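User: Hi! I am new to this structure and would like to understand the words used for it. Could you take me through them step by step?

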Amino acid sequence: MEDLISNSLPGMRDLLPEEMGRFQLVEEHARRVFAQYGFAEIRTSILEPTELFARGIGDDTDIVGKEMYTFLDRSKRSVTLRPEATASVVRAYLQNAMYRSAGVTKLYYMGPMFRHEKKQKGRWRQFYQIGAEALGSDHPAIDAEMIEMALWLLKSLGVEAHLLLNSVGCRDCRPRYIDLLRSELNKCVTDLCEDCQRRASTNSLRVFDCKVERCQPFIETLPAISEHLCQECAEHFAKVKGCLDEAGIAYTFVPRLVRGLDYYIRTAFEIVSGELGAQNALAGGGRYDGLSEALGGPPVHALGFALGLDRLVMILPEEQSAKSQRKPELFLAYMGEAALIKVSEIARDLRHQGFSCYLDFSAGTMKSQLRMANKLGTRHVLIVGDDELARNVASIKCLDDSRQWEIAIPDIGAYLNRFRIPNS
Ligand code: HAM
């Protein structure tokens, strides 16, 4: 016999049924919140041409330089498992000429992303994001509304989080700032790590992504982008902050927050939670007005965010987690083959009426079936044995207080509908 293949790849994991309830709860909740804000779902492909991310996210970012799952497909084309979905959404927006329709295009997505990162608590190589993108407006109020939506999604799930905010300038003011940054970096370049030495000349802004300890004291003394904004960017940022104030949204201004992707323009933000430990970012986002052009499309103002679902479910409050446990409304227990045929018929009928019914086919004893019903969290068990079958009745047992009573089999549907046995 071959060796059993029983391990997934490092950093990859299976989401087991116990955990899926929480994922589904958040996903359903997100769908409701996004609909309230006028967003519609999009599903883009998971495998994309590598060029999309190289051009979209930037060659010099950690994501593109070190973390992508890139390989040649059978036609020798370089393809990549998406490390994020913003570039894919913009690609789909351009491919489907969505820019032709009037107004702002508001899209949301949820699904797996892939980054070959160092494994750590709260960090996986296949992880799940819920994200939203709005394309077609540069109004500062939409920046604030996008942030409000992300925070509302978290708050309505009972999750405490805090907003970190910055502006990273635009294509007018950033080159001037980069010149300044580069000249400052040149003064300390030999003290920096190898990556930072390279970044100092290729993509200086990425120095702020560095996690190497010996670089930190130097990074802290570097000029901050937000102190070198052009007038338009400064005004835009002031208006975004004004809108947030009006909405009663608290934030911390973090002048050196640049985010790890090259496409950001102006507003950049992160939403963090103290409950997460080292990987404390629950969500990140911002404006990316130049991304459409970088991908060969027309100029399009756009912004968005993505939320790490794996991290969010880790800190979901207990009462929300409890809600996510779906229990069958009725467990159907039987003794003997003839009773099994009868309970299958009852279950079929009840399911057609909208009840959830659990039927176990392992033909255990009545005791073991009741134990299983208990384990599943079902409160009511319908029992059919030889005696019940002969009299065309079923017993209903309430597991909370062990009360038991009988109902004529033809009346079960009407009876349950009348009382609609509540389960949780
Ligand atoms: P990001 O900051 O790279 O942004 O990722 C967003 C969120 O995804 C993070 O805050 C984190 O919660 C989660 N995340 C990222 N990497 C991992 C990982 N390895 N394991 C678990 N969770 C992770 C983006 O992806 C942008 N596309 C966001 C955006 C949308 N910007 C504009 N629109």
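User: How many salt bridges does a search of the whole structure find?

Analyst: Welcome! The search finds 26 salt bridges. Before we go on, this is a predicted model: local features need pLDDT of at least 70 and side-chain atom pairs count only at pLDDT 80 or more, while totals for chains, interfaces and linings use all residues. Residues are numbered from 1 along each chain as its sequence is written, and side-chain values use heavy atoms, with hydrogens and water left out.

User: What makes E41 and R31 a salt bridge?

Analyst: The term asks for a side-chain nitrogen of Lys or Arg within 4 Å of a carboxyl oxygen of Asp or Glu. In E41 and R31 the closest N and O atoms are 2.3 Å apart, so the pair meets that definition. E41 sits in strand β1 (residues 40-41) and R31 in helix α1 (residues 17-36), ten residues apart. Helices (H or I, at least four residues) and strands (E, at least two) are DSSP runs, numbered from the N terminus.

User: Why is E41 called partly exposed?

Analyst: Its relative accessible area is 30%. Buried means under 20%, exposed over 50%, and partly exposed in between, with a 1.4 Å probe and protein chains only, so E41 is partly exposed. R31, at 28%, is partly exposed too.

User: Which parts does the salt bridge of D195 and K66 tie together?

Analyst: D195 and K66 meet at 2.7 Å, N to O. D195 lies in helix α7 (residues 194-202) and K66 in helix α3 (residues 62-67), so the pair ties together parts that are 129 residues apart in sequence. D195 has a relative accessible area of 23% and K66 one of 46%; both values give partly exposed. Salt bridges that share partners also join D60, D62, K66, D195, R198 and R199 into one network.

User: Are R206 and D209, which meet in a salt bridge, buried or exposed?

Analyst: Both R206 and D209 are buried. Their salt bridge has an N to O distance of 2.4 Å.

User: What makes β2 and β3 the edge strands of their sheet?

Analyst: Three strands form an open, antiparallel sheet in the order β2-β4-β3. β2 (47-49) and β3 (69-72) each pair on one side only.

User: How do you know that β2 and β4 pair?

Analyst: Two strands pair if DSSP finds at least two bridges between them. β2 and β4 (residues 78-81) have three bridges, in the antiparallel sense, so they count as paired. One of the links joins L47 to its bridge partner L81 in β4.

User: Why is the pair of F34 and F305 called tilted?

Analyst: Rings of Phe, Tyr and Trp (its six-membered ring) pair if their centres lie within 6.5 Å; planes under 30 degrees apart count as stacked, over 60 as edge-to-face and the rest as tilted. The centres of F34 and F305 are 6.4 Å apart and the planes stand at 55°, so this is a tilted pair. F34, at 0% relative accessible area, is buried, and F305 counts as buried at 2%. F34, F39, Y108 and F305 form one aromatic cluster.

User: How do you know that the charged end of K241 sits over the ring of F253?

Analyst: The rule needs NZ of Lys or CZ of Arg within 6 Å of the ring centre and within 35 degrees of the ring normal. The charged end of K241 is 5.3 Å from the centre of the F253 ring. R13 lies over the face of W124, at 3.9 Å from the ring centre.
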